Amino acid sequence: MLKLIGLLLSGAKLGKLLTTGGTMLVSLVVYAWIYGWRYAAGFIALLFVHEMGHFVAARHKGLNVGAPTFIPFVGAWVELKDMPHDAQTEAFVGLGGPLLGTVGATVAYLMARSWGADWLLAVSYGGFFLNLFNLIPISPFDGGRITAVLSPRIWLLGAPLLVGLFFWRPSPMLILMALLAWPQLVKAWRHRADVAEAQTYYAVPAAVKWEYGSYYLLLAAYLAVMCHDVHEMLAAVRP
């Protein structure tokens, strides 16, 4: 019986590994067909680093979390099997992805400058933009999960950013994200400080709000600067 249980558990773990590896491989083939193998491999690696930031943060908080799953042109995600018990935990898990993802993009940038590899510079730009995009302050973006520790009403600031981004670079993905964000916008509009959820889930000390607010602004500023600077570098080397 114990051997049977062990086999079942090992099979479940193998299934998770195959899901992550399989979806990663599909994304690699699709991206490679459009952008080339080197860029595809580098970008997927940075996607993986981003998602592992969420994974490690969730595990650190004692939450049960699944391995990353990849979908081409949508991105990747890790499934939280245990939901955070408060806004501070949610912000911690939300911050883990863009924080580690930014480290990964910075490493790619430094390697690109050191080796003179323009393709790797392009990969770093994709990483910087990916993490900046995820900081849009509206749920289900990571930025929405981080800024919720301040107040869900901040999500209302993310709506015009999402609309502006759509007019700048129209994309079906942005329409999908807007549909997912709509219930959260309604929730933000109806949010009141005197309801039970505000006094429990969103009851966070002021010092914690300042802490996460500072993390968010510093990270967003760094990513914005790097996106601009790397974009200019790529424009200079483009034939």
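## Aromatic rings in a predicted model

The count comes to 11 aromatic pairs. The model is predicted. One of the pairs joins Tyr201 and Tyr202. Their geometry is edge-to-face, with 5.0 Å centre to centre and 75 degrees between the planes. The angle counts as edge-to-face because it is over 60 degrees.

How accessible are these two residues? Tyr201 is buried, with a relative accessible area of 17%. Tyr202 is buried too, with a value of 8%. Both labels apply because buried means under 20% relative accessible area.

Another pair joins Tyr212 and Tyr215. This pair is also edge-to-face. Which helix holds Tyr212 and Tyr215? Both lie in helix H9, which covers residues 206–237. They sit three residues apart, about one turn of the helix. Is Tyr212 buried or exposed? Tyr212 counts as buried, at 6% relative accessibility. Tyr215 is partly exposed, with a relative accessible area of 38%. Tyr215 gets that label because its value falls between the cut-offs of 20% and 50%.

The two pairs are set out here.

| Pair | Geometry | Centre to centre | Angle between planes |
|---|---|---|---|
| Tyr201 and Tyr202 | edge-to-face | 5.0 Å | 75 degrees |
| Tyr212 and Tyr215 | edge-to-face | 5.8 Å | 80 degrees |

Aromatic residues also group into a cluster. Tyr31, Tyr35, Tyr39 and Phe43 form one aromatic cluster.

A charged residue meets a ring as well. Which residue lies over the face of Phe92? Lys61 does, at 4.7 Å from the ring centre.

Technical notes. Residues are numbered from 1 along each chain as its sequence is written. This is a predicted model: local features need pLDDT of at least 70, side-chain atom pairs count only at pLDDT 80 or more; totals for chains, interfaces and linings use all residues. Side-chain values use heavy atoms; hydrogens and water are left out. Rings of Phe, Tyr and Trp (its six-membered ring) pair if their centres lie within 6.5 Å; planes under 30 degrees apart count as stacked, over 60 as edge-to-face and the rest as tilted. Buried means under 20% relative accessible area, exposed over 50%, partly exposed in between (1.4 Å probe, protein chains only). Helices (H or I, at least four residues) and strands (E, at least two) are DSSP runs, numbered from the N terminus. A charge sits over a ring if NZ of Lys or CZ of Arg is within 6 Å of the ring centre and within 35 degrees of the ring normal.
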